[in-house]
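Here's a quick briefing for anyone opening this structure for the first time. Have a look at the sequence and the model, then read on.

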Amino acid sequence: MTDQTIAGKTMTDQSMTDQAARTEFHPRWYRKRLSTWWWLGEWHYLTFILRELSSLSVAWFVVLTLFQLRALSRGPESYSRFTDRLQSPITIALNAIAFCFIVFHTITWFNAAPRAMPVRMGGKRVPKLLVTIPNYALLFVVSAFVAWLLLRTP
Amino acid sequence: MIERSTTEQSMSERPKGGRSTDKPSDEAFFWLLFSAGGVVAAVLIPIQLFLFGLAFPLGWLPQPSYEHVIALARSPLARIYLFVLCSLPLFHWAHRFRFTLYDGLQVKHLNEVIFAFCYGGALLGTALAAYLLWMI
């Protein structure tokens with residue numbers, strides 16, 4: 001009986017210090033399994049999943065940019081082949097979808113900024129719009145600058 | 001009196017909140033990369049994708065020549081810009097995609113594989129970007 005208690009105690013101590021204290025997904029907890037499509041029913045869940053899925057568009061854009069850099073480094077013929085491929089209906093469609101997701105990401109990211117980083121001034125919380133508007137101003141200035149760099153005739 | 005003081009002592013020894021005994025987590029580091037990538041993706045990708053993915057291929061705006069683009073890409077500041085544009089959003093993707101699979105699709109038994117795939121992909125893309133920008 002005493003042995004058992006000691007064994008039980010050491011077990012508890014071990015589980016408190018080594019493994020079980022911070023295993024992120026604890027194997028012994030009972031969790032009810034959700035349907036794979038749990039996020040379809042409610043608007044909030046759906047926007048959450050759409051936001052998560054926008055990361056695929058981000059990855060797609062980076063892959064595209066890496067191919068563009070590769071084409072650039074290989075010379076003018078390679079680059080014109082790359083720009084030709086971008087004109088195919090499939091890449092146009094994919095880019096249009098990706099662009100919608102990216103815009104969705106931008107809007108939700110800027111809207112989340114005042115909640116993620118509450119700015120306080122004189123003990124009062126700065127209104128959300130005063131945090132969000134500079135973000136859009138930055139987006140506009142940066143976009144205009146990038147477009148100007150690419151479109152100006154040297 | 002004695003009883004009260006011991007109670008107070010044991011109260012003070014108790015960790016404040018549930019998290020004070022936790023080891024410092026790597027999650028904060030990955031979250032920092034995620035949010036830095038989120039800012040870059042939110043500010044820089046819209047115009048980049050609009051111009052190169054839609055406006056130039058569809059002829060809405062005149063396509064810049066190869067010479068113009070490569071001259072831009074070769075300047076040191078643009079190299080840094082392009083490196084940041086490729087690398088940080090990949091870490092943003094890694095974090096979000098990991099949780100898309102975990103929360104969205106309920107893939108809960110492949111955590112290590114998914115982690116390796118996502119962050120391995122982000123590291124690979126970063127290395128590729130560095131290599132290409134070096135060669136350009």
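Leaving aside its neighbours within four places in sequence, which residues is Asn95(A) in contact with? They are Trp60(A), Leu64(A), Leu86(A), Leu49(B), Gly53(B) and Leu54(B), where contact means heavy atoms within 4.5 Å.

Before the details, some ground rules. This is a predicted model, in which local features need pLDDT of at least 70 and side-chain atom pairs count only at pLDDT 80 or more, while totals for chains, interfaces and linings use all residues. Residues are numbered from 1 along each chain as its sequence is written, chains are lettered from A and ligands numbered from 1 in the order in which they are written, and side-chain values use heavy atoms, with hydrogens and water left out.

- Asn95(A) sits in helix H4 (residues 89-116) of chain A; helices are DSSP runs of H or I with at least four residues, numbered from the N terminus.
- Asn95(A) is buried, at a relative accessible area of 0% (buried means under 20%, with a 1.4 Å probe and protein chains only).
- The side chains of Asn95(A) and Trp60(A) make a polar contact at 2.9 Å. That term covers a pair of N or O atoms within 3.5 Å; within protein, one must be able to donate a hydrogen and the other to accept it, and residues adjacent in sequence count only if both atoms are side-chain atoms.
- His105(A) belongs to helix H4 of chain A too, and it's buried with a relative accessible area of 0%.
- A polar atom of the His105(A) side chain lies 3.0 Å from the backbone oxygen of Gly38(B).

**Where chain A meets chain B**

- 57 residues of chain A are in contact with 59 residues of chain B.
- Between them, the two chains bury about 5,200 Å², 73% of it on carbon and sulfur atoms; buried area is the accessible area (1.4 Å probe) that two parts lose on being put together, summed over both.
- In chain A, Phe61(A), Trp109(A) and Leu150(A) lose the most area to chain B, together 13% of what that side buries.
- The rule finds 1 salt bridge across this interface, a salt bridge being a side-chain nitrogen of Lys or Arg within 4 Å of a carboxyl oxygen of Asp or Glu.
- Arg96(B) forms a salt bridge with Glu52(A), with the closest N and O atoms 3.7 Å apart.
- H2(A) gives the largest share of chain A's side, 20 residues.

Methods
Helices (H or I, at least four residues) and strands (E, at least two) are DSSP runs, numbered from the N terminus. Buried means under 20% relative accessible area, exposed over 50%, partly exposed in between (1.4 Å probe, protein chains only).
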